[in-house]
Amino acid sequence: MKIIISNSSQEPIYKQITTQIKKMIMTGELNPGDLLPSIRNLARELHISVITTKRAFEDLEREGLIETVAGKGSFVSQYNREMMKEKRMEMIEEKLAHIVQESKSLDISLQVLQEMIKLLYEEG
Amino acid sequence: MDNNILEVKGLKKVYKGFTLNNLSFSLEKGYIMGFIGPNGAGKSTTIKLIMNLINRDGGEINVFGLDNIKDERHIKERIGFVYDENHFYDELSIMEMKGIIAPFYKNWNNEHFERYLKDFDLPLRKKIKELSKGMKTKFSLAVALSHDADFIIMDEPTSGLDPVFRSEILDILASFIQDEKKAVLFSTHITTDLEKIADYITFINNGELVFSETKDSILENYALVKGGKELIDESIKRELVGIRENKYGFEAVTSDVKKLRSQFKGDIVIEKPTLEDIMLYTVRGSKNA
């Protein structure tokens, strides 16, 4: 498990943690049932406040990505893969919407944009 | 109630020319609190009052839920105290000094003590007066950690310490609060590295409380603001603290960045502040007021 905190980032530290753990769950680097470090342990390792790691974990809990069992620790939830996929689709849609807008502001036609995506897709 | 390791209520101490006035704050088990403020703000006075080294003129202090004067003996068994000035005998060596200190504590743990001496590279036979300031602090910290304390209080622990050891202290303190029953209060006027791990920040200025809150909420609500002088009017001034105008523009701090963002539509730079910025501008603001 890898978590990198940037002190110069505009993004608050708790958000940096949630983003990175989310990504690990989505990419399958973390699997349902996996045990996460304790909030105090994580805070000690990263030299950050316990309140910061606590907040990050609370956010992940609220989103249903992790579950905390008193006395045992926090685990990756037995989430529904379908739901997960839907969420990721939403994320892609959001990013695409952004790209479409950028393209429009530069007067790039739909055709050209499609060509670009096609090329990138086939390259990958 | 039960969760507070420290409760300070309406604390008052009057000196000639300085009053610590109606100070209240509390610290929960399992957390680290940074106690900040400029020199002369009253940090050391507050800590001395908590340790009952000087008499208070009003208010109340509870440690572990017990009155700090009535239950002083019991409380001090469980406090590890690191003091900024040398309170050891200069002519003794570390080992001789330990021989004097250890019997005072019921729960003295020699194994822990010797491990810390080794970890901290402390020379056992050197006289206290021959130790550098940093070494004295290390020795003091080793003692504080060797009698099973539940609460560590440090007065300016980082002054005189190099960055390497300051970083080691972060590890030591973070390890100390791993079981959720202990807490740390440290005062400092340099708000750099120890601020990283602080959960709460209590800021006093001129004997008065400015705030006592979680560090995260402070850093979220405060911001450093910079812009052209033409932007400053009376309504904006109300949102800013410690405005510093120069030839080309102004700099200030705001305690409500959301409100400022919604009011200010013009060209303005809003940056993440450090605790040092917040302290600096607040102190300046109070001087100009």
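**Entry 1**

I started with β3 of chain B, which runs parallel to strand β9 (residues 200-205) of chain B and is joined to β9(B) by 4 bridges. I took two strands as paired if DSSP finds at least two bridges between them. In β9(B), B:Tyr200 is the bridge partner of B:Met33.

I then looked up strand β8 (residues 183-188) of chain B, which is also parallel to β3(B), with 5 bridges joining the two. Here B:Gly34 has B:Phe186 as its bridge partner in β8(B).

**Entry 1: the model**

I note that this is a predicted model, in which local features need pLDDT of at least 70 and side-chain atom pairs count only at pLDDT 80 or more, while totals for chains, interfaces and linings use all residues. Residues are numbered from 1 along each chain as its sequence is written, and chains are lettered from A and ligands numbered from 1 in the order in which they are written.

I checked burial next (buried: 20 or more other C-beta atoms within 10 Å of the residue's own; exposed: 12 or fewer; partly exposed: in between; C-beta atoms placed from the backbone). Over chain B, buried residues are 36% of the 289.

**Entry 2: the antiparallel sheet**

I traced an open, antiparallel sheet of 4 strands in chain B, in the order β2-β1-β4-β5. At its edges stand β2 (18-28) and β5 (66-67), each with a single partner strand, so one side of each has no neighbour in the sheet. Between β1 (residues 4-15) and β4 (residues 58-63) of chain B I count 5 bridges. In this pair B:Lys12 stands opposite B:Gly58 of β4(B).

**Entry 3: chain B overall**

I list 11 helices and 14 strands for chain B. The radius of gyration of chain B is 21 Å, close to the 19 Å of the globule rule for 289 residues, so the chain is as compact as a globular protein of that length. The radius is taken over C-alpha atoms, and the rule is 2.2 Å times the number of residues to the power 0.38. The C-alpha atoms fill a box of roughly 65 × 40 × 40 Å along the principal axes.
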